[in-house]
Amino acid sequence: MIWDPEHECMDREKLQALQLERLKETLHRVYRRVPYYRQLFDAHGVLPEDLRTLSDIQKFPFTTKAALRDNYPYGLFAVPLKEVVRLHASSGTTGKPIVVGYTRRDLETWSELVARIVTQAGVTDEDVVQITFGYGLFTGAFGLHYGLEKVGATIVPASVGNSEKQIMLMQDFGTTVLVGTPSYVLHLGETARSMGIDPASLKVRLGLFGAEAWSEEMRRELEKMWGMKATDNYGLSEVMGPGVCGECTVAPGLHIAEDHFLVEIIDPETGEALDYGQEGEVVITTLTKEAFPVIRYRTRDISLINPEPCPCGRTTARLRRIAGRTDDMLIISGVNVFPSQIESVLMEIEGISPHYQIVVDKKGYLDYLEVQVEMTEQAFTGSFRDLEAMEDKIRRRLQTVLSISPRVRLLEPHSIERSQGKAKRVIDKRPKKQ
Ligand code: DLL
């Protein structure tokens with residue numbers, strides 16, 4: 001089913017005309033109402049009137065996370081606080097978070113866009129949907145909540161944590177859809193098993209995953225564990241939260257709500273715009289946000305755009321699943337390594353669990369990478385020989401993919417702390433460069 005065929009299946013020429021009209025309005029609005037943007041545009045010598053075609057957006061300056069942080073808490077709002085009816089904030093690990101606001105119309109748009117992504121993943125009003133994202137400043141839970149409500153699904157607002165109770169709720173309420181981070185739902189599956197319940201025996205048939213990077217291999221693992229179909233959706237607080245794009249069940253890629261967001265891919269080094277199909281950093285401009293519009297926001301997420309129409313009938317361009325973040329990329333003695341590459345290798349090896357951690361440190365002048373991964377209960381024999389052979393096998397596989405030879409440490413089952421939201425996979429102990 002398609003939630004909003006008028007916009008999701010729009011003729012691309014019409015869609016681009018709509019984008020242009022909305023982009024012009026947005027540029028004028030921020031120039032008039034947000035002193036930060038006015039100064040930024042003035043400093044770059046551009047005016048909203050300089051935009052005549054969509055590609056003219058390239059004349060405009062980027063917005064970075066630093067700018068959002070510097071204007072904490074309300075400096076970038078384009079409406080008086082009186083018109084803001086909800087606040088959320090990004091899960092910043094250091095310093096102050098980024099605060100985003102929504103007008104009543106922004107909330108309406110948000111639930112419409114989430115209704116689109118949950119419908120395209122296959123949710124209907126017959127489903128019982130358990131939301132295991134944390135309710136709070138994080139956009140994940142509330143964002144999914146109101147979109148699912150619009151579709152008419154029965155929502156179980158379980159929030160994150162209390163894992164044994166989550167399993168009980170699934171059994172008693174007949175949960176058919178799970179919403180959460182891949183790492184937490186993996187943990188929920190393990191919890192079920194430790195209670196003597198096979199997760200695949202529960203009624204869960206579909207998972208809506210997002211908020212953190214995950215690999216195709218992790219998808220297969222989750223699908224096998226729960227006997228479900230696992231789908232991906234992507235978004236970020238700075239531009240709205242979930243609802244920016246999501247997968248349909250027909251072909252790969254995440255359909256972008258292009259009538260509300262203009263998405264570009266740029267070279268993260270030079271800032272130059274890249275063509276369709278080329279991989280780079282995702283840059284997003286909001287087209288309809290009232291309270292918190294952003295212009296050319298640098299997400300640091302890495303992907304590419306496929307503009308081909310999808311066999312599902314939607315005409316919106318698709319974003320390939322996020323490969324990682326530019327600031328996630330580890331440089332180990334000059335070699336670029338993405339955590340997602342390590343995850344893909346680990347998930348293909350029998351006898352180890354999907355729970356891993358990557359530790360980076362320096363020994364003298366040399367960078368040093370250690371991959372710690374848990375064995376499965378079945379494979380854990382306690383024999384030193386077996387352990388060594390397994391570590392060696394993992395090291396060789398990783399070396400083929402990464403072109404460097406990491407240290408591998410096998411851990412006993414359940415020794416890595418389980419995440420209750422976004423997993424923290426990388427521990428970088430190297431002194432920070434200034
Ligand atoms: O994570 C919004 C969201 C909630 C999306 C629930 C989907 C579902 P933030 O906390 O601001 O917002 O974090 C945004 O998380 O820049 C990506 O690096 C990462 N991220 C989000 N979704 C995905 C995904 C929410 N599907 C940051 N795949 C983004 C990979 C993702 N990374």
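In what follows, Ala, Val, Leu, Ile, Met, Phe, Trp, Tyr, Cys and Pro count as nonpolar, Asp, Glu, Lys and Arg as charged, and the others, Gly among them, as polar. On that basis, the residues of the shell around the ligand in this predicted model divide into eight nonpolar, seven polar and six charged.

The ligand is surrounded by 21 residues, and Asp 232, Asn 233, Ser 237, Asp 301 and Lys 422 are the closest of them. Strand S7 (229-236) and helix H6 (139-151) each supply at least two residues of this shell. With five residues, S7 makes the greatest contribution to the shell.

At Asn 233, a backbone N or O atom lies 2.7 Å from a nitrogen atom of the ligand. Side chains take over at Ser 237, where a polar side-chain atom is placed 2.4 Å from a ligand oxygen atom, and at Lys 422, where a polar side-chain atom is 2.9 Å from an oxygen atom of the ligand. Of the 610 Å² of accessible area that the ligand has on its own, the protein covers 94%.

Attention now turns to the second largest pocket, which holds about 770 Å³ of space. Its lining consists of 28 residues, and those closest to the pocket centre are Arg 193, Glu 221, Ser 353, Pro 354 and Thr 376. Two or more lining residues come from each of helix H8 (182-194), helix H9 (216-226), helix H10 (339-347), strand S18 (352-363) and strand S19 (366-375). Sorted by class, the lining of this pocket has 11 charged, nine polar and eight nonpolar residues. Both domain 1 (1-326) and domain 2 (330-428) take part, each giving at least three residues to the lining of the second largest pocket.

Most residues other than glycine have a negative phi, and most peptide bonds are trans. Against this background, the peptide bond that joins Tyr 72 and Pro 73 is cis, with omega about -5 degrees. Pro 73 belongs to the loop between helix H4 (65-70) and strand S1 (84-89). Ala 211, a residue other than glycine, has a positive phi, near 85 degrees. Ala 211 is also found in a loop, here the one between strand S6 (206-209) and H9.

Key:
Residues are numbered from 1 along each chain as its sequence is written. This is a predicted model: local features need pLDDT of at least 70, side-chain atom pairs count only at pLDDT 80 or more; totals for chains, interfaces and linings use all residues. Side-chain values use heavy atoms; hydrogens and water are left out. A residue is near a molecule or strand if one of its heavy atoms lies within 4 Å of it. A polar contact is a pair of N or O atoms within 3.5 Å; within protein, one must be able to donate a hydrogen and the other to accept it, and residues adjacent in sequence count only if both atoms are side-chain atoms. Accessible areas come from the Shrake-Rupley method with a 1.4 Å probe; for residues, only the protein chains shown count as cover. Helices (H or I, at least four residues) and strands (E, at least two) are DSSP runs, numbered from the N terminus. On a 1 Å grid over the protein atoms alone, a cavity is a set of points where a 1.4 Å probe fits but cannot get out, and a pocket is an open set with protein on both sides within 12 Å along at least five of seven lines; lining residues have an atom within 4 Å of a point. Grid points are joined across faces, edges and corners, and a volume is the space filled by probe spheres set on the points. Domain bounds come from an automatic or database domain assignment.
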